[in-house]
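Please look through the sequence and the 3D view before reading on.

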Amino acid sequence: MAVPKRRMSRSNTRHRRAQWRATTPALVPVVVDGRTYQVPQRLVRAYERGLLPLPGK
């Protein structure tokens with residue numbers, strides 16, 4: 001594991017951390033029981049199979 005040779009200043013640490021951003025999941029339309037829902041792309045199969053409750057129900 002990499003270990004820093006010197007301590008990083010608080011300012012540099014905060015500038016580095018400020019660059020990180022969480023992205024919202026890409027929503028795709030899915031038709032289940034004749035109704036269209038916007039769900040995250042990676043969960044489409046789970047919604048189609050009925051493993052997750054549909055949004056808005």
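Predicted model: local features only at pLDDT ≥ 70, side-chain atom pairs only at ≥ 80, totals over all residues.

Taken along the principal axes, the C-alpha atoms of the protein chain fill a box of roughly 60 × 25 × 15 Å. The radius of gyration of the protein chain is 21 Å, whereas a compact globule of 57 residues would have a value near 10 Å.

The contacts and the surface can be considered next. Among the contacts in the protein chain with a separation of 6 or more, those between residues 24 or more positions apart account for 0%. Of the 57 residues in the protein chain, 18% are buried, and the accessible surface of the protein chain comes to about 5,800 Å², with 52% of that area belonging to carbon and sulfur atoms.

Which residues form the largest nonpolar core? This core has seven residues, namely V30, V32, Y37, V39, V44, Y47 and L54. The elements that give two or more residues to this core are strand 1 (27-32), strand 2 (35-40) and helix 2 (44-49).

When its neighbours within four places in sequence are left aside, V30 is in contact with R35, T36, Y37, V39, V44 and E48.

Definitions and conventions: Residues numbered from 1 in each chain as written. Heavy atoms only, no water. Rg over C-alpha atoms; globule rule 2.2 N^0.38 Å. Buried < 20%, exposed > 50% of the residue type's maximum accessible area, 1.4 Å probe, protein only. Contact = heavy atoms within 4.5 Å. Areas by Shrake-Rupley, 256 points an atom, 1.4 Å probe, with all protein chains shown as cover. Core = buried A, V, L, I, M, F, W, Y, C linked by side-chain atoms within 4.5 Å. Helix = DSSP H or I, 4+ residues; strand = E, 2+ residues; numbered from the N terminus.
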